[in-house]
Amino acid sequence: MSNDLNPPEIFDRGRRRAMRDKAAGRTGDMFLWNHIAQDLAERLSAVTRPFENAMVLGPIGRWHEHILPPNVRCQVITLSQTETDSAGLNALEEDRLPFTPGSFDLVISAGTLDSVNDLPGALIQIRRILKPDGLFLGHLFGAGTLATLKSMFLETEADRATAHIHPQIDLRSAADLLVRAGFNLPVADQDMTFIRYGDWRSLISDIRDAGIGNALAGPRPYLGKDISNRLDNLFAARADEEGKVTECFTHLHLSGWAPSESQRRPAKRGSAQVSLAEVLSKHRAD
């Protein structure tokens with residue numbers, strides 16, 4: 001039962017875990033996760049301070065081992081029970097982290113925050129479990145992801161359209177959430193990966209490989225026996241001269257630091273020694 005204190009959850013926690021379980025057992029091209037790992041590695045390499053105790057949230061596979069600095073203790077949290085059983089990892093959810101404040105000096109979250117039920121709460125929990133001056137690096141799929149596939153489903157269902165791909169947040173909203181969660185020096189930016197497909201089935205396969213399908217709560221509507229034929233026709237109508245359709249994956253990258261007295265702070269308002277108006281007037285006179 002839901003109420004004002006416990007609002008209904010829009011994502012099905014069981015479905016989230018099931019999708020990641022299935023993805024962990026697949027052998028397809030993991031290009032999306034490789035892209036995420038490469039970006040996180042580049043961002044982490046630009047940080048000069050050392051880390052001792054890290055937590056990684058959400059990976060499929062062991063790619064995190066290749067991006068962390070040497071000699072860093074790492075606790076890996078996954079949604080997949082399959083990975084938990086096979087690799088001895090911990091199965092937890094991002095908005096239910098049972099760690100004491102200040103447990104880690106680095107937290108990395110990749111590829112799952114777009115489908116967490118309480119994203120503001122998850123970010124607050126991540127900030128709390130960071131030590132002062134600890135770093136958070138995050139990735140989630142943002143607004144614009146799978147726009148082509150969404151439009152195809154909308155068109156094929158006409159006036160009875162239902163959500164088959166959960167909505168994602170945009171860059172500005174992600175930046176606002178970092179600030180609300182209490183991070184210092186928050187940064188949010190994005191990039192897009194465009195992939196050309198010769199068949200919508202290949203796109204669905206890549207989504208399943210990444211474990212990022214529809215995790216919305218509620219029943220799944222029956223699409224009809226001719227859904228494949230309808231999607232074939234819609235895909236063909238969108239195809240270019242080479243018979244391919246372009247799909248987009250929007251990557252939102254987040255970073256922020258847990259507050260610390262040692263961090264640089266903006267100067268107090270009115271503390272400047274030189275008036276900006278004087279500088280500008282002198283520049284005009286010159």
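Q: What makes a stretch of this chain a helix or a strand?
A: Helices are DSSP runs of H or I with at least four residues, and strands are runs of E with at least two. By that rule the protein chain has nine helices and seven strands. Keep in mind that you are looking at a predicted model.

Q: How do you know which part of the prediction has the highest confidence and which the lowest?
A: You look at pLDDT, which is the predictor's confidence in each residue, from 0 to 100. The mean for the protein chain is 83, and 81% of the residues reach 70 or more. Confidence is highest in strand β7 (residues 245–257), at 96, and lowest in helix α9 (residues 276–285), at a mean of 52.

Q: What makes β7 count as largely enclosed?
A: Buried means under 20% relative accessible area. In β7, 12 of the 13 residues are buried, so the strand is largely enclosed by the rest of the structure. For the protein chain of 286 residues, 43% count as buried.

Q: How do you know that β7 pairs with β5 and with β6?
A: Two strands pair if there are at least two bridges between them. Seven bridges join β5 (residues 130–141) to β7, and these two run antiparallel. β6 (residues 184–197) is joined to β7 by 12 bridges, also antiparallel. Both counts reach the cut-off of at least two, so both are pairs. If you want to spot them residue by residue, Gly-138 has Leu-254 in β7 as its bridge partner, and Ile-195 stands opposite Glu-247 in β7.

Q: Why is the contact between Arg-16 and Glu-94 called a salt bridge?
A: The rule asks for a side-chain nitrogen of Lys or Arg within 4 Å of a carboxyl oxygen of Asp or Glu. Arg-16 and Glu-94 are buried.

Q: What makes Arg-49 and Asp-105 a salt bridge too?
A: Their closest N and O atoms are 3.9 Å apart, so they come in within the 4 Å cut-off. Arg-49 sits in the loop between α2 (31–45) and β1 (53–57), while Asp-105 is in strand β4, so this pair ties together parts that are 56 residues apart in sequence. A search of the whole structure finds 19 salt bridges.

Q: Why is Arg-49 called partly exposed, while Asp-105 is called buried?
A: Buried is under 20%, exposed is over 50%, and partly exposed is in between. Arg-49 has 24% relative accessibility, so it counts as partly exposed. Asp-105 has a relative accessible area of 5%, so it is buried.

Q: Where do Glu-93 and Arg-96 fall on that scale?
A: Glu-93 is buried, with a relative accessible area of 9%, and Arg-96 counts as partly exposed at 48%. Their side chains meet in a salt bridge, at 4.0 Å from N to O. They also belong to a network of salt bridges that links Glu-9, Arg-13, Arg-16, Arg-17, Glu-93, Glu-94, Asp-95 and Arg-96.

Q: How do you know that the buried residues of α6 line one face?
A: The buried residues of helix α6 (residues 171–180) are Ala-174, Leu-177 and Leu-178. Seen down the axis of α6, they fall within an arc of 105°, so they line one face of the helix. The face turned away from that buried side carries the exposed residues Arg-172, Val-179 and Arg-180. What covers the buried residues includes α4 (119–129), β5, β6 and β7.

Q: What makes the phi angles of Asp-133 and Leu-185 stand out?
A: Most residues other than glycine have a negative phi. Asp-133 has a positive phi of about 70° although it is not a glycine, and Leu-185 has one of about 50° although it is not a glycine either. Asp-133 lies in strand β5 and counts as partly exposed at 22% relative accessibility. Leu-185 lies in strand β6 and is exposed, with a relative accessible area of 52%. Just after α6, Gly-182 takes a positive phi of about 95°.

Note on methods. Residues are numbered from 1 along each chain as its sequence is written. This is a predicted model: local features need pLDDT of at least 70, side-chain atom pairs count only at pLDDT 80 or more; totals for chains, interfaces and linings use all residues. Side-chain values use heavy atoms; hydrogens and water are left out. Buried means under 20% relative accessible area, exposed over 50%, partly exposed in between (1.4 Å probe, protein chains only). The arc is that of the directions from the helix axis to the C-beta atoms. Contact means heavy atoms within 4.5 Å.
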